[in-house]
Amino acid sequence: MSGMIGQDPRARSGIVNYSTGWTSWTPTGAGFSSTSTSVGEYLRLGKMIYVAGAVFGTSDATTFSITNLPYTVANDTNIYQSASIAYSTDNGNYVGEVFAELVLNSTILRFLLNGNTSGWTSSGAKAVRFSGWDRAESI
């Protein structure tokens with residue numbers, strides 16, 4: 001294995017864009033009059049991103065989204081890109097039928113309640129904890 005001593009293994013693998021640890025970011029929640037919690041972090045490996053976060057607050061709209069993901073979602077219509085939901089509430093009550101949809105070629109993560117983009121209550125507390133892998137268009 002000549003030429004391997006002292007060589008960076010990431011260079012051999014072709015992975016040149018990566019995180020050496022978690023990077024924090026503050027998600028901007030849309031559909032709130034105020035937010036009490038807005039935390040997020042992500043890890044980058046090439047064009048793959050693992051993102052996790054939580055947004056809790058007081059609702060003022062029937063929609064719920066994060067408008068400032070730390071990367072642009074890949075514009076690939078051949079795959080359906082989404083994230084997992086660990087916990088969600090609407091009007092202070094736990095709801096289990098929430099789906100996270102990454103909007104192609106944007107920095108938007110939209111939360112659908114019962115499959116509907118406008119199914120949230122426009123008052124009271126709403127919250128979501130999310131995580132997932134995604135392929136980024138640009139970082």
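## Exercises on a predicted model

Ser 34 is part of strand 3 (strands are DSSP runs of E, at least two residues, numbered from the N terminus). This is a predicted model, where local features need pLDDT of at least 70 and side-chain atom pairs count only at pLDDT 80 or more, while totals for chains, interfaces and linings use all residues. Residues are numbered from 1 along each chain as its sequence is written, and side-chain values use heavy atoms, leaving out hydrogens and water.

**Exercise 1.** Find what Ser 34 touches, not counting residues up to four places away in sequence.

Start with contact, meaning heavy atoms within 4.5 Å. By that rule, Ser 34 touches Gly 57 and Thr 58. Now take Gly 57: it sits 23 residues from Ser 34 in sequence, yet their C-alpha atoms are 5.7 Å apart. Finally, Ser 34 has 39% relative accessibility, so it counts as partly exposed (buried is under 20% relative accessible area, exposed over 50%, partly exposed in between, with a 1.4 Å probe and protein chains only).

**Exercise 2.** Work out which residues touch the most other members of the largest nonpolar core.

First, the term: a nonpolar core is a set of buried Ala, Val, Leu, Ile, Met, Phe, Trp, Tyr and Cys residues joined through side-chain atoms within 4.5 Å. The largest one has 23 residues, and Tyr 71, Leu 109, Phe 111 and Phe 130 touch the most other members. Strands that each supply at least two residues of this core include strand 3 (32-45) and strand 11 (125-138). Next, zoom in on Phe 111: its contacts beyond four places in sequence include Phe 64, Trp 120 and Phe 130. Those residues come up again, as Phe 32, Phe 64, Phe 111, Trp 120 and Phe 130 form one aromatic cluster.

**Exercise 3.** Decide whether the ring pair Tyr 87 and Tyr 94 is stacked, edge-to-face or tilted.

Here's the rule: rings of Phe, Tyr and Trp (its six-membered ring) pair if their centres lie within 6.5 Å; planes under 30 degrees apart are stacked, over 60 edge-to-face, and the rest tilted. That gives 8 aromatic pairs. For Tyr 87 and Tyr 94, the centres are 6.3 Å apart and the planes are at 40°, so the pair is tilted. Tyr 87 is partly exposed at 32% relative accessible area, whereas Tyr 94 is exposed at 58%.

Technical notes: Helix = DSSP H or I, 4+ residues; strand = E, 2+ residues; numbered from the N terminus.
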